[in-house]
Each structure stands twice: as structure tokens, then as C-alpha cells.
Amino acid sequence: MLVNGLSNPGCTSSRVTLLSGASSTQTSKQYCSNTILTRRLAKEMTETWSTLEQLKPMLIGISPERLVFFDMCSGKGYLSCLLSFVYPEATIIQIDNNRKMNMSHLEKLPNVEFHILNIFDRKMPAWLSEKSQGKIGVLLGIHLCGRLSEQMISFFNNISSMKIMILSPCCLNKANTALMDISKRQNIDSYTLWTLELFFRITRSSAINLSTDKEVISEKNNFLTARKTEDNSVIEGDTTKQEFPTLLSLLREKYCPYLNSYHPCCQ
């Protein structure tokens, strides 16, 4: 599908050497547009691939037929499309609130559903619970902004059938003025601080990990992964342990004086 309406103030129509009969202005504008699309696609692809690579070891020992993936705020569904090929026996559910997208590409993917939903709707938890009943729910959120990240963690914490989560948060919730104030006063990177706060909101009955993937073509490249461990009869062969990687250890040492109300590990 062609994406129209993109522009870049930094692109100009300056004269270029042509190898065809096209005008210099047309070629320059087309190049600028293609460059924007290529960068955006590269970002989407690296985020999608990183999510899949982190997901695979979390699913070891689980039959794909038992899985139902929820691609939250999915957009066009790069992640869902990739999952449909890697896990063809699983159910994949895309959720987005954008009614203007052309989703005809999903017609060729029989194990992918697309639903136009507002994840802040009060009926959403019941809907997710029903869709994952008798299954292992896997919540996936790439580049979720502000409250969207908070809402996804709430789903993971409070819906018993949601057993696995991968979240790559984006910008800080602007309504969280206290955290923004700490970021400014203490000269702490707001994205790192925001990721840490989200980390500490995840239920403690989970194996949790925080990591940064530098292969992702974005400054917002932190990932939170969580897998509930209290029900071994549901997730068989679970040998994961709660991890605090080197990155988190360093961050905790520097930032925990400002987060000690969120979790005992900071105290």
C-alpha cells in the first residue's frame, strides 16, 4: 500500500544529476519521500524483529495452539504479520483505534484478526479475558506512548489469562508531572526514568527483565518483558528467574532515591 501525504521540511527540490528524463524537481521530491518511508519502515522492522527475538525464548515449551497474541495499538500490523508466519497455529489479534487504515493485506492471513477498539474502554478487560479464555494470553506493545503503556501493564497485572508481556514504551505520560519534575531537577533522562517506573508497576509474581536493544533504529529502544510464574500448571517448563540485568542495576543505583516509593528493591 502506498502511503501518501508525507512531507519533510528538510527536503528541498535542489538540482540533481539525472539519469532519466524526469525533471530534477520531481526526482528530488520523490527521493525525499522515499527516504522518509525507508527510515520509517526500517524503524518498524527493527522494532518488530527485536520483539520476536525476545519473545521466542519466553515461549519455549508452550504449544503454539495454546497461544493468543494481542498486538496492542498495532497500526498496520508488521508484528502480527511476522507472527502469523512464525506461529501459524496460534491466534493473533490486532487492536487499534484507527478506522482509516486499509487492512486488506490481512485477508491472506487466516490466523490474524483485526479489531477497532479503544483500549481505555471500561469493557476492554472483560473482552480480553473472554478472547484469551482457555489460552495463554501474550500482550505485545511496540512504541506505546504515555498512558497506553500504563494501560497495557494494567491488563497484564489484572487479567489472569495474560501470562506473557513484551512492552517497548515510548514517550513519558505528560500528565505525570512529578516524574517530569524529577527528570528536570535531577538531570535524569526522562525516557529511562519512565521505563523504570513502568518496570516497578509490573506484578511481582513475574519473571521481569529490562533491556535496551541498540539494533532498534530509534532512541526509544527499551524493552520490558514479563512472564507470570505463579501458575506452573498453565505455563509448563517455566525455568525463568526474575532478572536484574547490568543496565537495571546501574539505573537502580542512580535513580532509586527518587523511586523508593514504588518498590522495595529501591529501598
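The following questions and answers concern a predicted model.

Residues are numbered from 1 along each chain as its sequence is written, and side-chain values use heavy atoms, leaving out hydrogens and water. In this predicted model, local features need pLDDT of at least 70 and side-chain atom pairs count only at pLDDT 80 or more, while totals for chains, interfaces and linings use all residues.

Me: Is Q94 buried or exposed?
Reply: Q94 sits in strand β2 (residues 91-96); strands (E, at least two residues) and helices (H or I, at least four) are DSSP runs, numbered from the N terminus. Buried means under 20% relative accessible area, exposed over 50%, and partly exposed in between (1.4 Å probe, protein chains only). Because its relative accessibility is 0%, Q94 is buried.

Me: Which side chain makes a polar contact with the side chain of Q94?
Reply: A polar contact is a pair of N or O atoms within 3.5 Å; within protein, one must be able to donate a hydrogen and the other to accept it, and residues adjacent in sequence count only if both atoms are side-chain atoms. The Q94 side chain also reaches the backbone oxygen of G75 at 3.4 Å. The side-chain partner, at 3.0 Å, is S74.

Me: What distance separates the closest N and O atoms of E47 and K43?
Reply: Both residues lie in helix α1 (residues 24-55), four residues apart, about one turn of the helix. E47 is buried at 1% relative accessible area, whereas K43 is partly exposed at 22%. They form a salt bridge (a side-chain nitrogen of Lys or Arg within 4 Å of a carboxyl oxygen of Asp or Glu), and the distance between their closest N and O atoms is 3.2 Å.

Me: How many residues apart in sequence are the parts that K131 and E113 tie together?
Reply: The side chains of K131 and E113 meet in a salt bridge, 3.4 Å from N to O. K131 belongs to helix α3 (residues 124-131) and E113 to strand β3 (residues 112-116), so the pair ties together parts whose separation in sequence is 18 residues.

Me: Is R185 buried or exposed?
Reply: R185 forms a salt bridge with D181, with the closest N and O atoms 2.6 Å apart. Both lie in helix α5 (residues 177-185), four residues apart. D181 is partly exposed, at 37% relative accessible area. With 54% relative accessibility, R185 is exposed.

Me: Which residues are linked in a network of salt bridges?
Reply: The structure holds six salt bridges. The network links E150, E197 and R201.
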